[in-house]
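I opened this notebook to record what I looked up in the structure, beginning with the whole chain and then turning to single residues.

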Amino acid sequence: MLSPPARDPQAIKGVTFGLAAYIMWGCFPLFFALFDGIPAFEILIHRIVWSCVFLVVLITMLSRWSPVITALSQPRRLGRVLICAVLIGFNWGLYIYAVESNQVLQASLGYFLTPLVNVALGVLVLREVMARLQLVALGLAGLAIAIQFALLGELPWISLMLALSFGSYGLFRKQVPLDGLSGLFVETLLLFPLALLALTWLSWQGNSHFMIDVPTSVLLAVSGVITALPLMAFAGAARRLRLSTLGFLMYINPTIQFLIALTIFGEPLGTIQLATFIMIWFGLALYSWSSWQSRPHQAAIR
């Protein structure tokens, strides 16, 4: 009798880290919904400031200053990192705005679209060859957006901008030789002076919500920790899992957001919007199948 194949403990750890990262990201609407009455711009400022502070402590504890110092000692090579910082800052701010304006469904649609935007950017910018199923998937997504525009008279601009900004961030991030933790710190460090100036200006104008009461101040400070934790878990997953496996786990995040928007926030889902989601889900199924078919050619990230 043949014994069952031994389980790879590293793969199990990788899946655990991946689930933790995507579940945390998926639950972000619940956290940012707590900031009732605080503008998205102010939350973004604190998210940048406190992320930077938290990452200083974390990198010191982990003795990971070497790649950071190397990156900062070559200012001419920080151009792409600055582009990444602007893109991720814009993405964070728009996402917070989507939650505050009760448009979490649009946010979830944006992150469902992100893998297909990555495929399109790979073809347009990196001249990658698109598989036939990926071409069909991209066509379905484009058709879904066109139908929504034709029948509702408006583009889901939040979805599109979230997908484009995060997809573009991924494109530039691949060209930066920094690990996830060091990369996030350098990105937030580049935004830190502007965020500090904006925070000073808000305080001077008397519009700052920080230090008005303890719960609000704690929430604003914790936003930095909340930003870093899922990224750390994701980095742990990426070192242990194949790209195809990470690709499947990716859909956990927007699925949780979709369910939160419907069941907790009570956002309406019209027939046209539902049809849009179904078309994009079908496109993602084709994309996932195409990725799964090509998995023998993908190397595991260690």
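**Entry 1. Elements.** Before listing elements I noted the term: a helix is a DSSP run of H or I with at least four residues, a strand is a run of E with at least two, and both are numbered from the N terminus. The model I consulted is a predicted one. Reading the protein chain from the N terminus, I found the order α-α-α-α-α-α-α-α-α-α-α-α-α. I therefore asked how compact the protein chain is. For the element count I recorded 13 helices and zero strands.

**Entry 2. Extent and surface.** I looked up the span of the C-alpha trace along its principal axes, which is about 65 × 50 × 45 Å. The protein chain exposes about 15,700 Å², and carbon and sulfur atoms supply 70% of that area. I noted that 45% of the 302 residues count as buried. Among contacts between residues at least 6 apart in sequence, I found that 86% join residues at least 24 apart.

**Entry 3. Charges.** I recorded 16 positive and 10 negative side chains in the protein chain. The centres of these two sets lie 20 Å apart.

**Entry 4. Core.** Which residues have the most contacts inside the largest nonpolar core? I found Phe32, Tyr95 and Ile280, in a core of 79 residues. I then listed what Tyr95 touches beyond four places in sequence: Trp25, Phe28, Pro29, Phe32, Ala107, Tyr111, Leu162 and Gln257.

**Entry 5. Gln257.** I followed the contact from Tyr95 to Gln257, which is found in helix α12, residues 252-263. Is Gln257 buried or exposed? With a relative accessible area of 1%, under the 20% cut-off, Gln257 is buried. Setting aside neighbours within four places in sequence, I noted that Gln257 is in contact with Trp25, Gly26, Pro29, Tyr95, Val104, Ala107, Ser108 and Tyr111.

**Entry 6. Ile88.** I located Ile88 in helix α5, which covers residues 79-100. Ile88 has a relative accessible area of 6% and is therefore buried. Apart from neighbours within four places in sequence, its contacts are Phe166, Tyr169 and Glu187. I also looked up the separation of Ile88 from Asp36: the two are 52 residues apart in sequence and 23 Å apart in space, C-alpha to C-alpha.

Definitions and conventions
Residues are numbered from 1 along each chain as its sequence is written. This is a predicted model: local features need pLDDT of at least 70, side-chain atom pairs count only at pLDDT 80 or more; totals for chains, interfaces and linings use all residues. Side-chain values use heavy atoms; hydrogens and water are left out. The radius of gyration is taken over C-alpha atoms; the globule rule is 2.2 Å times the number of residues to the power 0.38. Buried means under 20% relative accessible area, exposed over 50%, partly exposed in between (1.4 Å probe, protein chains only). Contact means heavy atoms within 4.5 Å. Accessible areas come from the Shrake-Rupley method with a 1.4 Å probe; for residues, only the protein chains shown count as cover. Lys and Arg count as positive and Asp and Glu as negative; His and the chain ends are not counted. The place of a charge is taken as NZ of Lys, CZ of Arg, CG of Asp or CD of Glu. A nonpolar core is a set of buried Ala, Val, Leu, Ile, Met, Phe, Trp, Tyr and Cys residues joined through side-chain atoms within 4.5 Å.
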